[in-house]
Amino acid sequence: MPFARLATATTPTCHIGLGLAAVGRPGYINLGRDQDLGENRSVETLRERTHELLDAAYAQGVRYFDAARSYGRSEEFLAGWLKSRPDVDDVVIGSKWGYTYTADWTTDAEKHEVKDHTLATYERQRAETAELLGDRLDLYQIHSVTPDSPALTDKELHAKLAEAAAQGLSIGFSTSGPAQADAIRAALAVTVDGEPLFRTVQSTYNVLETSAAPALAEAHDAGLTVIVKEGVANGRLAAEHAPDAVRAIAEETGLGADAVALALVLRQPWAGVVLSGAATTAQLASNLHAAVIDLDEDQLTRLAALAEDPHVYWERRGQLPWH
C-alpha cells in the first residue's frame with residue numbers, strides 16, 4: 001500500500017492531503033471563489049497557482065496529492081510539478097476516473113462533467129491518466145460511487161481493476177450523496193477471486209455531514225485507508241460563511257474556522273488522510289493549522305449539534321452555483 005509511506009513521516013501535517021478540484025479548472029462550486037481566484041483563470045495562471053500550492057504543501061509536510069480526470073487539467077498540472085521536482089519521491093499520488101470534464105475551460109458550461117462508470121470509460125481514462133502520470137500514480141479511484149452505480153456490480157470491470165492492482169496500482173473509490181454509507185458497505189463486499197477489490201475509500205465527512213462515519217469506521221476496520229474530502233463543506237465552514245458556533249470556537253483557539261472544521265475530522269480514529277481543498281497558499285496555511293488544534297469536550301458537543309440531515313446537506317450542495 002502506498003499509504004505506508006505516510007507511516008514513516010513525522011510532521012503533524014503528514015495526514016493532511018491536498019486535493020486539486022479547486023485549482024485544476026476555472027469553475028467550481030466552492031464559496032468565495034471569485035475572491036480566491038479573481039478574473040484571470042487562464043490555463044497558465046492556474047498551472048502556476050497549482051504548482052505554488054504543491055510547493056507550499058510539500059514544504060509544510062503534506063505528502064498526499066489528489067486529482068481526477070474531471071478536475072480540468074489537474075493531472076496535467078500535477079504531472080508537470082512532479083517532473084520539475086525529481087527529488088520528490090516520498091509522496092503518494094491519487095487520481096480518479098468516472099467523470100469526464102466537459103466545460104472546455106469555461107465557468108458557465110451547461111454541464112461541467114459527465115458521469116459514466118462503464119468499463120469503456122475506465123479503459124479510456126486509465127490510458128489518459130497513464131499518459132500524464134505514468135508510474136507516479138499510486139492510487140486510482142472510481143469517482144463518486146453511489147448505491148446504484150454499475151461499478152459495484154460490473155464483474156468485467158472488477159476483473160480489469162484487479163488486473164491493475166496485480167500490477168501494483170492501488171484501487172479505491174470515492175462516494176457522494178446522502179446514501180454514502182450504503183455505497184461504502186456495498187463496495188466493501190466487492191471481491192475478485194475471493195479477495196477484496198478496494199484498498200481505499202474517499203468520502204465526504206464534515207461538521208455538517210457526519211452520516212458516513214459508522215461505515216467509514218467499518219471500512220477502516222476492514223483494512224482500507226480512509227480519505228476524507230470536503231472537510232470544509234465547499235467553503236460553508238470557512239471564514240464568514242461558517243456557522244456561529246464554528247466561528248466562536250475558532251475565536252477560542254485563535255485560528256480559522258476552516259482549521260476548526262478540519263480538526264474535527266482529523267480526530268476521527270478512522271481518518272487516514274484528510275484533504276485540504278485550498279485554492280490559495282493562505283487558505284492552505286490556515287487549513288494546516290488543524291493539525292495543532294485540540295478540541296475539548298464542550299467544543300465537540302457544540303460542533304456535533306450542527307450536523308444536518310444528509311438529504312438536506314446534499315440538496316444544498318447540489319444548489320451551489322459553479323463560479
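**Aromatic pairs, barrel, cores and salt bridges**

Trp314 is buried, with a relative accessible area of 10%; buried denotes under 20% relative accessible area, exposed over 50% and partly exposed the range in between, for a 1.4 Å probe and protein chains only. The model is predicted, so that local features require pLDDT of at least 70 and side-chain atom pairs count only at pLDDT 80 or more, while totals for chains, interfaces and linings use all residues. Residues are numbered from 1 along each chain as its sequence is written, and side-chain values use heavy atoms, with hydrogens and water left out.

The structure contains 10 aromatic pairs, defined by ring centres of Phe, Tyr and Trp (its six-membered ring) within 6.5 Å, with planes under 30 degrees apart counted as stacked, over 60 as edge-to-face and the rest as tilted. The pair of Tyr122 and Tyr140 is tilted, because the ring centres are 6.4 Å apart and the planes stand at 50 degrees. Tyr122 belongs to helix α5 and Tyr140 to strand β6, so this pair ties together parts that are 18 residues apart in sequence. Helices (H or I, at least four residues) and strands (E, at least two) are DSSP runs numbered from the N terminus. Tyr313 and Trp314 form an edge-to-face pair, because their ring centres are 5.4 Å apart and their planes at 80 degrees. Tyr313 is buried at 1% relative accessible area. One aromatic cluster is formed by Tyr58, Phe65 and Trp81.

A barrel is closed by 8 strands with parallel pairing, in the order β1-β2-β3-β6-β7-β10-β11-β12; two strands pair if DSSP finds at least two bridges between them. Neighbouring strands of this sheet are turned against each other by 25 degrees on average, direction ignored. Strands β1 (residues 16-19) and β2 (residues 64-66) run parallel and are joined by 3 bridges, and Leu18 stands opposite Phe65 in β2. Helix α5 (residues 119-133) packs on the sheet and touches β3 (92-97) and β6 (139-145), its direction making about 150 degrees with that of β3. Helix α10 lies across β1, β11 (225-229) and β12 (273-276), at about 160 degrees to β12. Axes are lines fitted to C-alpha atoms, for helices over the stretch in contact, with angles from 0 to 180 degrees between N-to-C directions.

The largest nonpolar core has 100 residues, of which Leu18, Phe65, Leu78, Phe173, Phe198 and Leu295 touch the most other members. Helix α10 (residues 257-266) gives the most to this core, with 8 residues. A nonpolar core is a set of buried Ala, Val, Leu, Ile, Met, Phe, Trp, Tyr and Cys residues joined through side-chain atoms within 4.5 Å. A second, separate core of 8 residues includes Phe3, Tyr64, Leu139 and Leu275.

In total, 19 salt bridges are found in the structure, each a side-chain nitrogen of Lys or Arg within 4 Å of a carboxyl oxygen of Asp or Glu. Arg47 and Glu76 form one of them, with the closest N and O atoms 3.0 Å apart. Arg47 lies in helix α3 (residues 43-59) and Glu76 in helix α4 (residues 74-84), so the pair ties together parts that are 29 residues apart in sequence. A salt bridge of 3.6 Å, N to O, joins Arg73 and Glu76.

How values were computed:
Contact = heavy atoms within 4.5 Å.
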